[in-house]
Amino acid sequence: ERVDLSAIAHAAIAELQETDPARNVAIEIAPGLIVQADTQLMRIALANLLGNAWKFTAKNPDAQIKFGVTEFQGKPEHYVRDNGVGFDMARAHKLFAPFQRLHSMTEFEGTGIGLATVSRIFERHGGKVWIESAVGQGTTVRFTL
């Protein structure tokens with residue numbers, strides 16, 4: 001069905017802001033990001049991606065999270081970008097496997113199932129997901145449908 005990813009992203013961010021109203025995070029969500037997809041699955045995927053961005057920017061006093069779209073080879077490529085802690089790309093192969101974590105539980109909460117779930121959702125929609133990151137410079141998660 002027709003799904004407004006921008007509206008879903010705004011709702012997900014609003015929930016995150018309710019859980020931590022003292023945080024000051026610069027949020028940028030591109031308007032009008034409409035796709036053909038399963039609404040509930042897109043809610044789950046974006047809640048996971050934006051939740052990760054929220055979590056991994058927690059130690060940055062100038063936290064920024066962006067959700068938007070670019071075009072690659074004539075097709076839309078959506079992204080969630082943050083300026084959080086980032087990670088070493090040499091360990092990126094672990095990210096989409098269930099229960100794999102790149103940060104310790106004492107650093108950041110989580111079960112290690114979120115990105116595995118996200119990957120399955122985008123694959124189910126005929127798309128894919130991948131990540132670009134650098135330690136101390138943030139992370140960009142890109143996906144297609």
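## Terms and model

For residue classes, Ala, Val, Leu, Ile, Met, Phe, Trp, Tyr, Cys and Pro count as nonpolar, Asp, Glu, Lys and Arg as charged, and the others, Gly among them, as polar. Keep in mind that this is a predicted model.

## The second largest pocket

Let's start with the pocket. The second largest pocket holds about 190 Å³ of space. Its lining is made up of Val-35, Phe-72, Gln-73, Lys-75, Pro-76, Glu-77, His-78, Lys-128, Trp-130, Thr-144 and Leu-145.

Strand E5 (residues 75-82) gives the largest share of that lining, with four residues. Sorted by class, the lining has five nonpolar, three polar and three charged residues.

## H1 against H2

Now for the helices. Two packed helices are described by the angle between their axes and the distance between the axes. Helix H1 (residues 5-19) packs on H2 at an angle of about 50 degrees, and their axes are 9 Å apart. H1 and H2 are therefore oblique to each other, and their crossing is right-handed.

On the H1 side, the contact uses Leu-5, Ile-8, Ala-9, Ala-12, Ile-13, Leu-16 and Gln-17. These meet Thr-39, Met-42, Arg-43, Leu-46, Ala-47, Leu-50, Gly-51 and Trp-54 in H2. By class, that contact has eleven nonpolar, three polar and one charged residues.

## H2 against H3

H2 (residues 39-56) also packs with helix H3 (residues 114-124), at an angle of about 140 degrees and with the axes 9 Å apart. That angle makes H2 oblique to H3. The crossing of H2 and H3 is left-handed.

Here H2 brings Leu-41, Met-42, Ile-44, Ala-45, Asn-48, Leu-49 and Asn-52.

Methods: Residues numbered from 1 in each chain as written. Predicted model: local features only at pLDDT ≥ 70, side-chain atom pairs only at ≥ 80, totals over all residues. Heavy atoms only, no water. Axes fitted to C-alpha atoms, helices over the stretch in contact; angles between N-to-C directions. Helix = DSSP H or I, 4+ residues; strand = E, 2+ residues; numbered from the N terminus. Parallel < 35°, antiparallel > 145°, perpendicular 65-115°, else oblique. Left-handed = near helix turned anticlockwise from the far one by under 90°. Contact = heavy atoms within 4.5 Å. 1 Å grid on protein atoms, 1.4 Å probe; cavity = no way out; pocket = protein on both sides within 12 Å on 5 of 7 lines; lining within 4 Å. Points joined across faces, edges and corners; volume = space filled by probe spheres on them.
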